[in-house]
Amino acid sequence: MTPALLISLALLSAAAPLGTDMYLPSFVKMAQDLNTTAAAVQLTLSAFMIGMGVGQLFIGPISDSVGRRVPLIIGSLLFGVMAVACALTPSVTWLIVLRLVMGASGGVGVALARAVVADLEQTSDAAKAFALMMAIQGLAPVIAPVLGGVLSSWIGWRGIFIVLACFCLLMVLAVLFVVPESLPPEKRHSGGPAQMLRDARRVVANRWFVGYSIIFAVGFGVMFSYISASPFVLQREYGLSTLAYSITFGTNALIMAIVSMVTARLVGRFAIRSLLMVGLGILTVTVAGLVICGFVGATLPIVLVLLALTLAGIGLLLGNATALAVDALHGEASGTGSGIMGAAQFLVAGVVSPLVGIGHPPLHSMSLVMGICMAITLGLGLPLTRRAAGSSAAEAH
């Protein structure tokens, strides 16, 4: 897989962090301009995440029938149109509706980028590609909030959506000139909705796919718990300034990206499942440490080290879990599988986001939600994958 194709697929997947993180610094101004409440503005973010999950759930099976390129082009164009509409919206109600559709269209790129890799690469090569994609995507959470904060003071929140529309043009150009049609006609599934339902049933009946998808989705839940709660933990509870928090957040995202790049080089030298287990081991230890800190208290340096190691563990986890999940399908209905993984990913994100704000102090509630995520991963996801250790080529190479 060429570097240009990897970058293009990562660009398509970046719709999620760019679509959420870039306009976060403008929330207060949005509420003032639209004469609404902070809670209503927060719903625009929730609507986007719901759209991302639902969009992936449907586009995966559809792409298994019609191919990848046409849905990618339509989804990218619709993402841009919705961004322009958001910039022109007269009310928060319309903004919520438009963000729902924008999320669904952005989910097309996220789901089908994974499907294209599954179509073109096998086993260890797919794991390398997923790890490199995660590394490139890891830069988006670093850049997006900073870029959004700088631009919002110049062009306002409506201008931020115009910038997102311009980003959409890059997505369209990437699909048109770099991303090939990875699913030839002879491998597509005909039969309409009935066939799509059969594909979905077959995918969710695959215990190894389900197990690795749970590890992927709930691992993402650990990361999103950190993303959602970190401003309150580090700024409100530990007193970091806005600049210090931004540097800390960016550094942790960079750590995750670096670990993902290192993981791509380790694939082939070590079994993919072994790398996944190392990531799970790191996460288990660090999350347990954060839970203890949440109950008994800890100094800021200890919390920062544990959070950095948590992001490193996630860098080992996500790409390898994705590769093992798609490998478990043996090339069948990879679009459907990718869509289900994406829907689960954003469903988990949508659940953990409000949960981390329920308790007090913030570190206590964040660490408890992380602990619950790890308990689900170790108690449900991991046991479902155990039989695959000797049967999947991806785990042996």
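Q: Is Trp157 buried or exposed?
A: This is a predicted model, and local features in it need pLDDT of at least 70. Buried means under 20% relative accessible area. Trp157 has a relative accessible area of 2%, so Trp157 is buried.

Q: Which kind of aromatic pair do Trp157 and Phe161 form?
A: A pair of aromatic rings is described by the distance of the centres and the angle of the planes. For Trp157 and Phe161 the centres are 6.2 Å apart and the planes stand at 90 degrees. Planes over 60 degrees apart count as edge-to-face. The pair of Trp157 and Phe161 is therefore edge-to-face.

Q: By about how much of helix α8 are Trp157 and Phe161 separated?
A: Helix α8 covers residues 140–177. An α-helix has 3.6 residues a turn, so residues three or four places apart point the same way. Trp157 and Phe161 are four residues apart in α8, which means a separation of about one helical turn.

Q: What is the relative accessible area of Phe161?
A: Phe161 is the partner of Trp157 in an edge-to-face pair. Phe161 is buried, and its relative accessible area is 0%.

Q: Are the rings of Phe220 and Phe224 stacked or edge-to-face?
A: The ring centres of Phe220 and Phe224 lie 6.0 Å apart, with 25 degrees between the planes. Planes under 30 degrees apart count as stacked. The pair of Phe220 and Phe224 is therefore stacked.

Q: Which residues form an aromatic cluster with Tyr23?
A: The structure holds five aromatic pairs. One of them joins Trp157 to Phe161. Tyr23 belongs to one aromatic cluster with Trp157 and Phe161.

Q: Which residue lies over the face of Tyr23?
A: A charge sits over a ring if, for Arg, CZ is within 6 Å of the ring centre and within 35 degrees of the ring normal. At Tyr23 the distance from the ring centre is 4.3 Å. The residue over the face of Tyr23 is Arg99.

Q: How many residues of helix α6 are buried?
A: Helix α6 runs over residues 92–120 and has 29 residues. Its first and last C-alpha atoms are 42 Å apart, close to the 42 Å expected at 1.5 Å a residue. The helix is mostly covered, and the number of buried residues is 21 of 29.

Q: How many helices does the chain have?
A: Of the 397 residues of the chain, 56% count as buried. The chain has zero strands, and its helices number 16.

Q: What share of the contacts with a separation of 6 or more comes from residues 24 or more positions apart?
A: Contact means heavy atoms within 4.5 Å. The share from residues 24 or more positions apart is 85%.

Q: What distance separates the C-alpha atoms of Leu276 and Leu316?
A: Leu276 lies in helix α12, residues 272–296, and is buried with a relative accessible area of 0%. Leu276 and Leu316 are 40 residues apart along the chain, and their C-alpha atoms are separated by 6.2 Å.

Q: Which residues does Ala308 touch, not counting residues up to four places away in sequence?
A: Ala308 sits in helix α13, residues 300–328, and is buried at 16% relative accessible area. Leu254 is 54 residues away in sequence and 9.8 Å away, C-alpha to C-alpha. The residues that Ala308 touches are Asn252 and Ile255.

Q: Is Phe232 buried, partly exposed or exposed?
A: Phe232 is in helix α10, and touches Glu237 and Pro362 beyond four places in sequence. Its relative accessible area is 39%. Buried means under 20% and exposed over 50%, with partly exposed in between. Phe232 is therefore partly exposed.

Q: Where is Asn35 found?
A: Asn35 has a positive phi of about 55 degrees although it is not a glycine. Asn35 is exposed, with a relative accessible area of 74%. Its place is the loop between α3 (27–33) and α4 (38–66).

Note on methods. Residues are numbered from 1 along each chain as its sequence is written. This is a predicted model: local features need pLDDT of at least 70, side-chain atom pairs count only at pLDDT 80 or more; totals for chains, interfaces and linings use all residues. Side-chain values use heavy atoms; hydrogens and water are left out. Rings of Phe, Tyr and Trp (its six-membered ring) pair if their centres lie within 6.5 Å; planes under 30 degrees apart count as stacked, over 60 as edge-to-face and the rest as tilted. Helices (H or I, at least four residues) and strands (E, at least two) are DSSP runs, numbered from the N terminus. Buried means under 20% relative accessible area, exposed over 50%, partly exposed in between (1.4 Å probe, protein chains only). The expected span of a helix is 1.5 Å times one less than its number of residues.
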